[in-house]
Amino acid sequence: VGQNPTVKAFFEAIKKAEGGEENLVVGGKIRVKDLSDHPNIVGLRTSKGPSTAFGSWQITGSNWFGRGGRPGLKEQLSLTDATEHSQYLAALKLFSDRDGGAGLRALLSGDIETAMQVAAKDWTSTPGSKIGGGGQVSKSRWMGYFKNALGSSGSAGDSQPITKSNPMPVAIVDYGNGVDF
């Protein structure tokens with residue numbers, strides 16, 4: 001699933017909107033050199049509290065390491081580092097677990113609107129997010145990131161917006177890598 005062009009484009013749009021980079025801590029002032037693990041350091045304090053979001057998809061320390069006896073993404077996926085690849089797997093897992101997998105099912109069926117609504121529960125920059133803490137980008141800008149990542153040229157064939165009634169065609173491909181998302 002993670003190699004599906006639509007899924008990859010969706011996560012590239014999240015990354016772009018979040019302003020994420022592989023080694024960047026939330027707030028943009030701290031970069032880490034050691035990607036052997038999530039740094040779990042506070043990079044920003046907002047009215048919602050401190051944030052330890054980190055990396056390309058700004059995954060928080062509590063999501064990475066777990067909390068309250070709940071295993072984190074690192075343990076669930078047996079991640080051995082915090083490189084961009086591991087961050088991508090963690091972001092996919094976070095998204096695919098949210099709302100019982102509704103976002104991933106929507107994304108794979110071409111329902112970008114519903115997928116965005118689900119993503120907005122974990123990524124503050126996604127249009128419709130109510131979690132606070134960071135800046136939300138406009139829907140048109142977010143969709144521009146998505147279409148750019150998808151390789152859309154904006155030609156006449158691509159001029160219709162992606163909606164429930166006009167879904168994006170998607171093919172599900174089993175790459176045989178054992179990752180079950």
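Where in the chain does Thr 126 lie? Keep that question in mind while you load the model, which is a predicted one, and take a look around before going there.

**The whole chain**

Start with a cartoon view. The protein has 7 helices and 4 strands, and from the N terminus they follow the order α-β-β-α-β-β-α-α-α-α-α. Of the 181 residues, 43% are buried. Among contacts with a separation of 6 or more, 53% join residues 24 or more positions apart.

**Stop one: α1 against α4**

Select residues 5-18 for α1 and residues 84-97 for α4. The two axes come within 12 Å and cross at roughly 100°. Angles of 65 to 115 degrees count as roughly perpendicular, so that is how α1 and α4 stand to each other.

Now show side chains. On the α1 side, pick Val 7, Lys 8, Phe 10, Phe 11 and Lys 15; on the α4 side, they meet Glu 84, Tyr 88, Ala 91, Leu 92 and Phe 95. By class, this contact holds 7 nonpolar and 3 charged residues, with no polar ones.

**Stop two: α6**

Next, select residues 112-119, helix α6, where 6 of the 8 residues are buried. Colour Ile 112, Thr 114, Ala 115, Met 116, Val 118 and Ala 119 to see which ones these are. What do the buried residues of α6 pack against? Their partners are α1, α4, α5 (102-108) and α7 (139-150).

**Stop three: Thr 126**

Here is the place we began with: Thr 126 sits in the loop between α6 and α7. Is Thr 126 buried or exposed? Its relative accessibility is 0%, and buried means under 20%, so Thr 126 counts as buried.

To see its surroundings, display Ile 14, Met 116, Ala 119, Ala 120, Gln 136 and Trp 142, which Thr 126 contacts once neighbours within four places in sequence are left aside. Two of these, Met 116 and Ala 119, you have already coloured as buried residues of α6.

**Last stop: the largest pocket**

The largest pocket holds about 730 Å³ of space. Its lining takes in 34 residues, and Ser 51, Ala 53, Thr 60, Ile 131 and Gly 132 lie nearest the centre. The elements giving two or more residues to this lining are α1, β1 (44-46), β2 (49-51) and α2 (61-65). Which element gives the largest share? That is β2, with 3 residues. If you colour the lining by class, expect 12 nonpolar, 16 polar and 6 charged residues.

Notes. Residues are numbered from 1 along each chain as its sequence is written. This is a predicted model: local features need pLDDT of at least 70, side-chain atom pairs count only at pLDDT 80 or more; totals for chains, interfaces and linings use all residues. Side-chain values use heavy atoms; hydrogens and water are left out. On a 1 Å grid over the protein atoms alone, a cavity is a set of points where a 1.4 Å probe fits but cannot get out, and a pocket is an open set with protein on both sides within 12 Å along at least five of seven lines; lining residues have an atom within 4 Å of a point. Grid points are joined across faces, edges and corners, and a volume is the space filled by probe spheres set on the points. Ala, Val, Leu, Ile, Met, Phe, Trp, Tyr, Cys and Pro count as nonpolar, Asp, Glu, Lys and Arg as charged, and the others, Gly among them, as polar. Axes are lines fitted to C-alpha atoms, for helices over the stretch in contact, and angles run from 0 to 180 degrees between N-to-C directions. Angles under 35 degrees count as roughly parallel, over 145 as roughly antiparallel, 65 to 115 as roughly perpendicular and the rest as oblique. Contact means heavy atoms within 4.5 Å. Buried means under 20% relative accessible area, exposed over 50%, partly exposed in between (1.4 Å probe, protein chains only).
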